[in-house]
Amino acid sequence: MYSQGLIGADGRTDETPEFLDAFQRRIDAEEKIEPNDAMPEGYRRTLVRQIGQHAHSEIVGMLPEGNWITRAPSLRRKAALLAKVQDEGGHGLYLYSAAETLGVSREEMTEELLDGRAKYSSIFNYPTLSWADIGTIGWLVDGAAIMNQIPLCRCSFGPYARAMIRVCKEESFHQRQGYEIVMTLAQGTPAQKEMAQDSLNRWWWPSIMMFGPHDSDSQHSDQSMAWKIKRFTNDELRQKFIDATVPQAEYLGLTLPDPDLKWNEAKGGYDHGPIDWDEFWRVVKGHGPMARDRIKARRKAWDDGAWVREAALAHAEKRRARKMAAE
């Protein structure tokens, strides 16, 4: 999911070989890099881009699910969905704060998102057409996110790694919530099971695209892994996700929409059919079904919240002035 944040990343660095070697020795020794530590500029830029994309994804990810809060089928479902959407907002705030330790402001990151220089995960450019989609997002999308995020708890950059520990705990709840929704539908009436299957048909391929391009087409993965920002390649994570998800679908009595999906005894995992990379790149470049709506919603929220940010800054300035006057 957050491997997409490396698309277009600038990992170039101009430091001396001696400096880079000393930094790499710290990385290889599994030392955590903290904000005030010396680091290559390419390392900092890569982190800013990836953490910013991750934060944007958490915030934009509230939109497709928030669309169903007022239409949840019961008070229990409504309360759980409200809690989940609130969690996602909190995750975004943790991550913006982690990125800010690298010298970039939240305003800069948001402006880059709104003018197209920064991205969010392509999965959120698809619409939620039924209540079953809320369950499928929890099961598949949050499941894919967890597969990406657990290794990030061991990321070499300290603030990012520490933020991910709490995020992963909450995402685990989100996945269980989603799977339980899909299970209820799959074990319900024929119409409910059909709704669950239709949702799975629409979300399966976008979910496995979340891990980013094939390793052979991922230009920045090698450097990111050398710096231990990433711990696994895109294809390794995708394989782990598919192997974990197939038995879950079988238990539900649902069919994954891939006729080429089959167990490969030699590699101890499932082979899958070809991924539509044309669709992937089209959506990543902002041409997904909901791309314009998502950015429009973020721009409106940012503009509508301007007075709150201005009031908070004015209040902080008054407190600073009073403190200085009292000294």
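View 1. Glu-30 is partly exposed, at a relative accessible area of 41% (buried is under 20%, exposed over 50%, partly exposed in between; 1.4 Å probe, protein chains only). The model is predicted, so local features need pLDDT of at least 70 and side-chain atom pairs count only at pLDDT 80 or more, while totals for chains, interfaces and linings use all residues. Residues are numbered from 1 along each chain as its sequence is written, and side-chain values use heavy atoms, with hydrogens and water left out. Helices are DSSP runs (H or I, at least four residues), numbered from the N terminus. Arg-231 counts as buried, at 18% relative accessibility.

View 2. Glu-170 and Arg-166 form a salt bridge, with the closest N and O atoms 3.1 Å apart. They are separated by about one helical turn, because they lie four residues apart in helix H7 (residues 158-186). Glu-170 is buried, with a relative accessible area of 16%.

**View 3. Ring pair of Trp-204 and Phe-241.** The whole structure holds 10 aromatic pairs (ring centres of Phe, Tyr and Trp, the last by its six-membered ring, within 6.5 Å; planes under 30 degrees apart are stacked, over 60 edge-to-face, the rest tilted). Trp-204 and Phe-241 are stacked, because their ring centres are 6.0 Å apart and their planes are at 20 degrees. The pair ties together parts 37 residues apart in sequence, since Trp-204 lies in helix H8 (residues 190-209) and Phe-241 in helix H10 (residues 234-252). Both count as buried, Trp-204 at 0% relative accessibility and Phe-241 at 2%.

**View 4. Surroundings of Thr-136.** Thr-136 is in helix H6 (residues 131-152) and counts as buried at 1% relative accessibility. Leaving aside neighbours within four places in sequence, Thr-136 is in contact with Val-141, Val-182, Ser-199, Leu-200 and Trp-203 (heavy atoms within 4.5 Å).

Technical notes. Helices (H or I, at least four residues) and strands (E, at least two) are DSSP runs, numbered from the N terminus. A salt bridge is a side-chain nitrogen of Lys or Arg within 4 Å of a carboxyl oxygen of Asp or Glu.
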